[in-house]
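Here's a walk through the ligand sites of one model, with a quick stop at its salt bridges. Have the structure open as you read.

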Amino acid sequence: MKKSDFIERSVIKEVYEKPLFSLIREATIVHKSSFPEKELFVNTLISYKTGGCGEDCAYCAQSSRNRKNPMKAVYLSADDIIEEAGEAKKSGAGRVCISASWRRVPDNEEFEMILAAGERIREMGLEVCATLGTISDLQLKRIQDAGFSAYNHNLDTSEKYYHEIISTRTYAERLDTILRVQNSGMNCCSGGIIGMGESHDDRIDMLHALADREIPLFTVPLNVLVPIPGTPLENVEPIGFWDLLRVIATARIIMPESRICLAAGRTDMTEEQQTLCFMVGVNAVFAGDKLLTTENTDLTKDKKLFEKLDLKTS
Ligand code: SAM
Ligand code: DTB
Ligand code: SF4
């Protein structure tokens, strides 16, 4: 066993391969004993820089390398960010996550503006998080000092499948960023995407990489691929709901202390499917009409469902 084996892959595989009924039952029990069952953390995304990214992530609408007519970079001003945060607060979100289509965080006035906007958002009584790409230790300290409470950097998939998806940033670099976020004392959010043509073994490998950590992840965002026209993944066979539920339930069982966030992919799900996801362990979502470039579920519909299920949102 390698030194860092906090949870063995074989254990995760055993959980993942359980008959669906037992898996659902076990995940529900773990969820109930780890978190108040009706608690739902609501997050809204604010995309400071959208598009014009030099990376080649095959799933991403914002990469300049993916499409014949790539999205040109569009930026929000500090006032736009504050206005969007205000809207998010009004609609019931407890936190906002500022995103940028960067490979790595620059040391320039843009970063300074994001820090200042973060401080203003904190003063509005919201939590503020960020997902800005690879980040240095010094930059991590600065966002922590500005009051940001979490940093999101996804593994996206398994180490084995990764080269099919991204060539401009290594898996090792991602693991290093995640470790440094955790060592900085900030809450670290890391997850991935399901439905990019990966195998069950790849899903188990990704779950292992996420769970096999000295410090548990704060949040594990699980995204269902949103197929973007013009990207290499536009025609990938969509994942079936039971496969998604299997991943969520396994994540809940092997990472009982982490929030499990159902990130992209809720738009195509029925109320019944979302309810099952909440029962087996999802306790965080991204709400608001838009994710980064794609539509999200309608807020009024979301509110009705959360009320129907008596979920306490914050
Ligand atoms: N540029 C930064 C980075 O790559 O770390 C931050 C933003 S990036 C868009 C955040 C995450 O969103 C990606 O790592 C990926 O997991 C998810 N994502 C992006 N496009 C997606 C899509 N089409 N479907 C599902 N998830 C997606
Ligand atoms: C995460 O894991 N998913 C969110 C957030 N963290 C940044 C982003 C989803 C993006 C979905 C595709 C889009 O809107 O472009
Ligand atoms: Fe750029 Fe992030 Fe999209 Fe990759 S996921 S292309 S780094 S914006």
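This is a predicted model: local features need pLDDT of at least 70, side-chain atom pairs count only at pLDDT 80 or more; totals for chains, interfaces and linings use all residues.

Residues are numbered from 1 along each chain as its sequence is written, chains are lettered from A and ligands numbered from 1 in the order in which they are written, and side-chain values use heavy atoms, with hydrogens and water left out.

| Residue and part | Ligand atom | Distance |
|---|---|---|
| Tyr59, backbone N or O | ligand 1, nitrogen | 3.1 Å |
| Asn154, side-chain N or O | ligand 1, oxygen | 2.9 Å |
| Asn152, side-chain N or O | ligand 2, nitrogen | 3.2 Å |
| Asn154, polar side-chain atom | ligand 2, oxygen | 2.8 Å |
| Asn223, side-chain N or O | ligand 2, nitrogen | 2.8 Å |

On its own, ligand 2 has 410 Å² of accessible area (Shrake-Rupley method, 1.4 Å probe), and the protein covers 88% of it. Its shell has 13 residues, with Asn154, Asn223, Leu292, Thr293 and Thr294 coming nearest; to be in a shell, a residue needs a heavy atom within 4 Å of the molecule. By class, that makes seven nonpolar, six polar and no charged residues.

Back at ligand 1, the side chain of Asn154 puts an N or O atom 2.9 Å from a ligand oxygen. Taken alone, ligand 1 exposes 560 Å², and the protein buries 90% of that. Strand S3 (95–100) and strand S8 (219–224) are the elements that give two or more residues to its shell; strands here are DSSP E runs of at least two residues, and helices are H or I runs of at least four. The shell counts 19 residues, the closest being Tyr59, Ala100, Asn154, Asp156 and Val226.

**Ligand 3**

Around ligand 3 you'll find Cys53, Glu55, Cys57, Tyr59, Cys60, Ser63, Ser101, Trp102 and Arg169. They split into five nonpolar, two polar and two charged residues.

Side chains of opposite charge can pair when their charged atoms come close. Counting a Lys or Arg side-chain nitrogen within 4 Å of an Asp or Glu carboxyl oxygen, the model has 22 salt bridges. One of them joins Asp310 and Lys38, with the closest N and O atoms 3.3 Å apart. Asp310 is in the loop between helix H11 (299–308) and strand S11 (312–313), Lys38 is in the loop between helix H2 (20–34) and strand S1 (39–50), and the two are 272 residues apart.

Conventions: Ala, Val, Leu, Ile, Met, Phe, Trp, Tyr, Cys and Pro count as nonpolar, Asp, Glu, Lys and Arg as charged, and the others, Gly among them, as polar. A polar contact is a pair of N or O atoms within 3.5 Å; within protein, one must be able to donate a hydrogen and the other to accept it, and residues adjacent in sequence count only if both atoms are side-chain atoms.
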